[in-house]
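These are my notebook entries on one protein model. I record what I looked up, in the order in which I looked.

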Amino acid sequence: MSFPDRDQFVSDTLGSGRGLSNPDIRNRLLSKPSRLRQCYIEITTACNLRCPECFRTQEVEQRRWTSRHIGMGQFATILDHLPPAGILVLHGIGEPTLHPQLPSMIATIREMTKFDSVRFTTNALNGDQDYWKRLAAEGLDSVTISVDSLDPVVVQRCRSGTNVDTLYANIGMISRIFPISVTMVASSNNVDDIPSTIEKLSRIGEIRVLILPAQNQRSDRSAPHSAGLSLEQQESLASYVESANRTYPSLDITYTPASFFGLAGGRCTMPFLAPTVTVDGYITPCCGMHETHHYQNSSLVDRSFSDNWSAGPISTWLESYLDGAPEQCDNCMFNPGGAAHQRVIGHSTASDPTPLVRQAVEAVDRGQADEATAMLAEASSMAGGNAPDIYAAAMILNSTGQIDLAASAFIIALGCDKDLVLLRRIAGTGILGEVTKRLRRLVLSRLLASYKIGLITMVAGIWPANALHFPRILRGVKEWCLDTGAPYRTLSLPTVADYPPTLRNWKDELIAEGASAPINEGYVAEIPWVRLFHRCEFIFLNEGIALHDVVADPRDNPHSLEHDPMVTARSGRRVMVEARSNNSLRVAEAIMMMGARTHHYGHWMHEYLPRWHFLSQANIAADVPVLVDAGMPASHLDALKMVMDEPRNIIFVEPDQDVRVQRLWVAPNHAWWPHGFGPDFMMDSGYLVMPTASTLFMRDRLLRHVSPPSPGSPKRIFVLRKPAYGRRLLTNQDEIMDFLKERGFLCLAAEDLPLAEQLALFHGADIVIAVHGSCLANGLVCRPGTPVLTLSQGFVSNSNTWSTMMTDIGCRPYLVCGPVIEARGKADKHADFHVPLDEVRGALDRLGITP
């Protein structure tokens, strides 16, 4: 069977535990895979830590350990002998960054093109920023960091030798280069410190945190774990994780081994899907049992993977595994059929919020609304309770006019309602007519956090009849393609580009630091059977998945979906999306050029159209149409036709319409463009930078449609901003416009002209002055050496978007700043502003622009 069908077959069969004696099923399970889900290669057994419970530490103490690195020749042979794999993981017992040839190893893997993704787990104590950037440049995709504590005392009990200051700084540094996850081993040594560690991690950004229970790594695996958690500690930790996911929305915290390893419910699937190769080149079908003598030291250096799998000790072991897992598996936390795993996931929390809800009702009777609110907030973090009693209390609160408190109590009732039998009753209460929107968000947030998103559509009467509700798990396109085997073509590797300081004021003084811009991996993917909506960048799949590169990115901030009207609620990687649809459009094949901000010219030119740089390399048939959002201005469509540089049918997706595509081509944004920021969010200046390759591609395509400047064309232009936009207005624009007319400037609003005329004016100008806005995107066609002055407010965090673009094409960008007026926060880039006329006059005099 071909990937991913074989993966699904293995998971379904071992998960059910049925049919393992059936010869046909056994043969299919034991058949040689043409492609692996993932594979581990232990590249070194050296480590710079002495973790007390680690098998390696114990062997070192007994003087039975010799650290060694895998040789490059041996490594290359192993790669040759392995079949293709979705994920190649470069770690085992040791710390991978101690291998002196790690960058070269990653480069070798990428040159082979048989492994879709390369990653490893690290203690993150080695290497500076240049080292990690080099790993990214060579092709490392992501990093998992082991963090058991960030307390200098506690960490010595768990991961002896760790410098917590170095670790914390490096987590932040690495997270700006790679998508990262954090794994934490919970034991009696650190369980009380876990909340403190989680709080510190939340300051860094969006991180997936995987908490794994400590397991016995000693030779005698049947012995009790010396630092293992008691049942009471396990229950307390599980309860804390549920509340922490609500407290820290930037983190996605999981405490269950099976969810991390994607194992089936009955038997461990890892031996059939993810083998391990040791530092000596021996292959084992188990990721956690490195004692190679169990498999008679089967070598992947001397024999191919096919020979090892089809005959000999590996084949014999796998066949015996189907008859019954060996004794070692029973004490492995990662085996869902083992006793150790069942001890962890078999717990249940018994905290009861019912008394607190009753006390809240009594507090309302006493007129103590604040106390009632606090009690309900505390009750909402509990998992047990009597749902009907809480529902009755909620109805009392509702009848006394305490609408907000009643809504909160309803949510607690829903959270305690394991079978969700109260949903329809709550939907029929009078409270919905008064607090519908708030209740919708509270319901969804609570149910999302409780993993009940598949049942939310049972609620009747809360949403309009034509609303479509999508409970979805968020995923990135590449991640999903690698897991499913969907066609995915890498066109450029992710990297970090260091841009020199380009932002200067009119006095030619630098006013911003240079930017380190994370450049996304370039790809073209083909996604089958999708559903899309007007001005929406989510790609909906039938299996409960929503693809969205930006939102699934660990760098995405927790408030990035506030301005998306389709998103009703979000909890980590889980979202509930509400869309309107009065009709469906069906398309066999299409290219996606839709999104939440396609109607903004600046976003269209910087964020969306550059994706054609990748699409143009994919050799997509000329009869495949392009999907765009209906209602876009004519200039947007003209720009699309110029950049495509070839005739192609355009399909407009209307509001209140969904389009179903059998085969969709998608490409990513070149840089990271997160969604809606608040006025206090300080944007890193490197995130919104358009890479040089994208700038030159766009410039070349646009210039093909621009005529050379004529002798009579305007040489000085001032591009104003219309008051109709209602934000980021230059309050003394008329005063400046009158002054510039005296200096021979043509003053215009760019959107009043066809795009071809706009581009011709920019291309022919000897100097351009513009109010900060989308019109600066036309600077792509300015001639080298042209000074471009932007009139803006003092907050310039995202000004590198245009200044770097201008520098790349040889222009001279300058900023002429003025104070903001009534800013809504310290980083309100949309506040109105005033630029003193003397600043404009001084800039022109310095540049020699005389009347």
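**Entry 1: a pair of strands and their sheet**

Which residue in E7 is the bridge partner of Ile207? I found that Leu251 in E7 is the bridge partner of Ile207. Before going on I noted that this is a predicted model, in which local features need pLDDT of at least 70 and side-chain atom pairs count only at pLDDT 80 or more, while totals for chains, interfaces and linings use all residues. Residues are numbered from 1 along each chain as its sequence is written, and side-chain values use heavy atoms, with hydrogens and water left out.

I noted the terms as well: strands (E, at least two residues) and helices (H or I, at least four) are DSSP runs, numbered from the N terminus. Two strands pair if DSSP finds at least two bridges between them.

Strand E6 (residues 207-213) is joined to E7 by four bridges, and the two run parallel. I then looked up the whole sheet: it is open, has nine strands in the order E7-E6-E5-E4-E3-E2-E1-E8-E9, and its pairing is mixed. Its edge strands, each pairing on one side only, are E7 (251-254) and E9 (283-284). Helix H9 (residues 194-202) packs on this sheet and touches E5 (180-186), E6 and E7. The direction of H9 makes about 170 degrees with that of E5. Axes are lines fitted to C-alpha atoms, for helices over the stretch in contact, and angles run from 0 to 180 degrees between N-to-C directions.

**Entry 2: the cores**

Which residues touch the most other members of the largest nonpolar core? I found Ile41, Leu90, Trp132, Phe178, Ile211 and Phe272, in a core of 90 residues. Such a core is a set of buried Ala, Val, Leu, Ile, Met, Phe, Trp, Tyr and Cys residues joined through side-chain atoms within 4.5 Å. Another core lies apart from it and has 55 residues, among them Leu615, Val626, Ile717 and Val768.

Leaving aside neighbours within four places in sequence, Phe178 is in contact (heavy atoms within 4.5 Å) with residues including Trp132, Leu135 and Val143.

**Entry 3: two helix pairs**

Helices H4 (residues 72-81) and H5 (residues 102-112) pack at about 25 degrees, with their axes 11 Å apart. They are therefore roughly parallel to each other; angles under 35 degrees count as roughly parallel, over 145 as roughly antiparallel, 65 to 115 as roughly perpendicular and the rest as oblique. Met72, Phe75, Leu79 and Asp80 in H4 meet Ser104, Met105, Thr108, Ile109 and Met112 in H5.

The axes of H27 (residues 634-644) and H28 (residues 692-703) come within 8 Å and cross at roughly 100 degrees. That makes H27 roughly perpendicular to H28. I found Met642, Val643 and Met644 of H27 meeting Phe697, Met698, Arg701 and Leu702 of H28.

**Entry 4: Glu319**

Is Glu319 buried, partly exposed or exposed? Glu319 is partly exposed, with a relative accessible area of 39%; buried means under 20%, exposed over 50%, and partly exposed in between (1.4 Å probe, protein chains only). Glu319 belongs to helix H14 (residues 313-323). Beyond its neighbours within four places in sequence, Glu319 is in contact with Arg26 and Leu30.

**Entry 5: a parallel sheet**

I looked up another open sheet, of five strands in the order E24-E23-E25-E26-E27, with parallel pairing. E24 (746-748) and E27 (812-818) are its edge strands, each pairing on one side only. Three bridges pair E23 (residues 716-719) with E24, and Phe718 has Cys747 in E24 as its bridge partner. Helix H29 (residues 733-742) lies across E23, E24, E25 (767-771) and E26 (787-793), running at about 170 degrees to E23.

**Entry 6: strand E19**

E19 (residues 583-592) pairs in the parallel sense with E22 (residues 657-666) over eight bridges, where Asn583 stands opposite Gln657. E19 is also joined to E20 (residues 626-629) by two bridges, again in parallel; there, Met592 has Leu627 as its bridge partner.
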